[in-house]
Amino acid sequence: MVWKTVRKKNCPYWKQIPMFQKDKLNWADARDSCSSEGLMLATVADQPNEVLTYINANDIYDEKSFWVGGSDIAVEGKWIWTDGRPFDDSFPWRYGEPNNAFADTHGEDCIYASDAYYDWGCHHEIKYICELAKPY
Ligand SMILES: [Ca+2]
Ligand SMILES: [Ca+2]
């Protein structure tokens, strides 16, 4: 995951932060929204716990649920990142997740970050995290 480098006003230090987006979109529209700005829906494979820590340690927004770039849309139960990488066995899913709830209707094929990671129906509209598409 490539984080945006920012510096707060009057702060001498640059720091790396995830790019949290405030608008609420379904997963596919969130992915397209990131793409339209030359970004990618965030692949948090390398720093999953750092992202959770950031969400929960910072007063980002009231509702702390954000789409990130992974899904099992193609093959149920086979989670892959939008950059094509598979999920590690050690990925910090919430206990009991992913559970593909509502499997008889829409199922849960997209992943969001909150206090942990959950699968959820891709049609829900929530905030999301983009990342830079390439290192710089
Ligand atoms: Ca699923
Ligand atoms: Ca779930």
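Tutor: Helices and strands here are DSSP runs, a helix having at least four residues and a strand at least two, numbered from the N terminus. The model is a predicted one.

Student: OK, in what pattern do they come along the sequence?

Tutor: The chain reads β-β-β-α-β-α-β-β-β-β-β. That is two helices and nine strands.

Student: How much of the chain is buried?

Tutor: Of the 136 residues, 29% are buried.

Student: And what share of the contacts join residues at least 24 apart?

Tutor: Counting contacts between residues at least 6 apart in sequence, the share is 66%.

Student: Which residues touch the most other members in the largest nonpolar core?

Tutor: That core has 23 residues, and those with the most contacts to other members are Leu 41, Phe 66, Trp 67, Val 68, Ala 113, Ile 129 and Cys 130. At least two core residues come from each of helix H1 (27-36), strand E4 (39-41), strand E5 (66-71), E7, E8 and strand E9 (126-132).

Student: Which element gives the largest share?

Tutor: E7, with four residues. As a general point, nonpolar side chains in soluble globular proteins tend to be buried together.

Student: How many bridges join E7 to E5?

Tutor: Three, and the two strands run antiparallel. One of the residue pairs is Ser 71 with Cys 110 of E7.

Student: And how many between E7 and E8?

Tutor: Four, again in the antiparallel sense. Cys 110 turns up here too, with Trp 120 in E8 as its bridge partner. E7 and E8 make a hairpin, with three residues between them.

Student: Where is Asp 115?

Tutor: Asp 115 sits in the loop between strand E7 (110-113) and strand E8 (117-120).

Student: Is Asp 115 buried or exposed, and why?

Tutor: Exposed, because Asp 115 has 11 other C-beta atoms within 10 Å, and the cut-off for exposed is 12 or fewer.

Student: Which residues is Asp 115 in contact with, leaving aside neighbours within four places in sequence?

Tutor: Leu 52 and Asn 56.

Student: How are Asp 115 and Ser 65 separated?

Tutor: Along the chain, Asp 115 and Ser 65 are 50 residues apart, while their C-alpha atoms are separated by 8.3 Å.

Methods. Residues are numbered from 1 along each chain as its sequence is written. Chains are lettered from A and ligands numbered from 1 in the order in which they are written. This is a predicted model: local features need pLDDT of at least 70, side-chain atom pairs count only at pLDDT 80 or more; totals for chains, interfaces and linings use all residues. A residue is buried if 20 or more other C-beta atoms lie within 10 Å of its own, exposed if 12 or fewer, and partly exposed in between; C-beta atoms are placed from the backbone. Two residues are in contact if their C-beta atoms, placed from the backbone, lie within 7 Å. A nonpolar core is a set of buried Ala, Val, Leu, Ile, Met, Phe, Trp, Tyr and Cys residues joined through C-beta atoms within 7 Å. Two strands pair if DSSP finds at least two bridges between them.
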